[in-house]
Amino acid sequence: MSILSALTGDDQIAALLSDAAQIDAMVRFEVALADASAEAGLIAAEAAAAVAGAAAGFEADWADLAEGMRRDGVVVPALVKQLRAHLPEEHRAALHQGATSQDAIDTALMLQLAKVIDVLEQRLAAVQSRLDALRDEHGARPLMAHTRMQAALPTTWSDKFRSWSEPLVRYQAALAAARRTLLVVQLGGPVGDRGSFAGRGDAIARLLSQKLDLGLASPWHATRDPVVAFGSLLALISGSLGKMGADIALLTQSEVAAVQIAGGGGSSAMAHKNNPVAAEVLVTLARYNGGLSGTLNQAMVHENERSGAAWTLEWLVLPQMAVTAGAGLRLALQLLGQLRFGTE
């Protein structure tokens, strides 16, 4: 773990999107694809059983996978070759039959994002619960409102808490909706028309979705709007947490002192300092994910039936956006627990 990631990272979400998690998800896809293909009559049941057996004891050769990634631009050819080496000769052709690298990679991503969404939902609920508790305990306290950075009119902390919490409710609903629109199988074959499955492509896709507990969808190799929309949602989460962080940083200024942070950051030169570190980092993460969201939007432009450039851009940007949103929720929960009002 880098020193910076201790402040701005999220180990739990990073692990869910790690290389090891991705390879595990791809292997799971290959097993489910073989099972679905056998049930649909594309391959023999014995071949599907052999694929499951090979996957059960599979240990990846990471150096070979890295070399395959460097050579092919995708890791799947090297992974499939390694898996086939564990299969009897007569069943090797059945592995990955009809599928393309993008089917494995995109479906694996959906399996990984399902777990990421679980974490985000849990943390959003925890932050919301903390805000509700603060509103119950401190909502009636008076607070000077500020507009355009100037003192405006008296209000209450309840209104401040509401401005922080209401967007989070919307994001919880949006994550629930994303489970239906985003978390779907990818199965298109080489050019995204399922023509490589001997007329059984739709049946295999339906069975695959059932086995992986993902939604059913037509091939979406070059139509990336659900992925980009999910990235936009991550940026929105970070943005609202950044607004909360900015408010708290301003309210803790010595000249305002509307609230204090217990256990804030110290200074190497000024022993009296109690810096609003978590609040400041929420602002940083909001700005960072806002910028990454613009970059991810460029992944919408896929040339024809598949774009290596746009696809690779997703791999660089989307995991970092998920980690950044997760880090923001982690810090927000910590920060809200540090707030001290009045004579506390």
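Leaving aside its neighbours within four places in sequence, which residues is Ser101 in contact with? They are Val74, Val76, Pro77, His96 and Trp311. This report covers a predicted model.

## Ser101 and its surroundings

Ser101 belongs to helix α7. Its relative accessibility is 15%, so Ser101 counts as buried. One of its contacts is Val76. Val76 is also among the buried residues of helix α6.

## Helix α6 and its cover

Helix α6 runs over residues 76-84. Its buried residues are Val76, Ala78, Leu79, Val80, Gln82 and Leu83.

What covers these residues? The cover of the buried residues of α6 includes α3 (19-39) and α4 (45-56). It also includes α5 (62-72) and α7 (101-138). Helix α7 is the element in which Ser101 lies.

## The cavity

How many cavities of 30 Å³ or more does the structure hold? There is 1. The largest cavity holds about 30 Å³ of space.

Its lining is made up of Leu17, Leu109, Leu113, Phe230, Leu234, Leu318, Pro319 and Ala322. The largest share comes from α12, with 3 residues.

## A nonpolar patch on the surface

Turn now to the outside. Leu4, Leu7 and Val277 form a nonpolar patch on the surface. Together they have about 240 Å² of accessible area.

Leu4 sits in helix α1, which spans residues 3-8. Is Leu4 buried or exposed? Its relative accessibility is 57%, so Leu4 counts as exposed. The cut-off for that class is over 50%.

## Salt bridges

The whole structure contains 16 salt bridges. Several are described here.

Asp72 and Arg71 are joined through their side chains, at 3.2 Å from N to O. Asp72 is partly exposed, with a relative accessible area of 34%. Arg71 is also partly exposed, at 49% relative accessibility. Another salt bridge links Glu89 and Arg92, at 3.1 Å from N to O. Glu89 counts as exposed because its relative accessibility is 59%. Arg92 has 28% and counts as partly exposed.

Arg162 forms a salt bridge with Glu166. Their closest N and O atoms are 3.9 Å apart. What separates these two residues along the helix? Both lie in helix α8 (residues 157-181), and they are 4 residues apart, so about one helical turn separates them. Arg162 is partly exposed at 36% relative accessibility. Glu166 is partly exposed at 37%. Elsewhere, salt bridges that share partners join Asp10, Arg123 and Arg330 into one network.

## Across the model

Ala66 is found in helix α5. That helix is among the elements covering the buried residues of α6. Ala66 itself counts as partly exposed, because its relative accessibility is 47%.

How many residues apart in sequence are Ala66 and Val256? They are 190 residues apart. In space, 54 Å lies between them, C-alpha to C-alpha.

Methods. Residues are numbered from 1 along each chain as its sequence is written. This is a predicted model: local features need pLDDT of at least 70, side-chain atom pairs count only at pLDDT 80 or more; totals for chains, interfaces and linings use all residues. Side-chain values use heavy atoms; hydrogens and water are left out. Patches are made of residues with over 30% relative accessible area and no salt bridge: like charges are joined within 9 Å, nonpolar side chains (Val, Leu, Ile, Met, Phe, Trp, Tyr) within 5 Å. Accessible areas come from the Shrake-Rupley method with a 1.4 Å probe; for residues, only the protein chains shown count as cover. A salt bridge is a side-chain nitrogen of Lys or Arg within 4 Å of a carboxyl oxygen of Asp or Glu. Buried means under 20% relative accessible area, exposed over 50%, partly exposed in between (1.4 Å probe, protein chains only). Contact means heavy atoms within 4.5 Å. On a 1 Å grid over the protein atoms alone, a cavity is a set of points where a 1.4 Å probe fits but cannot get out, and a pocket is an open set with protein on both sides within 12 Å along at least five of seven lines; lining residues have an atom within 4 Å of a point. Grid points are joined across faces, edges and corners, and a volume is the space filled by probe spheres set on the points.
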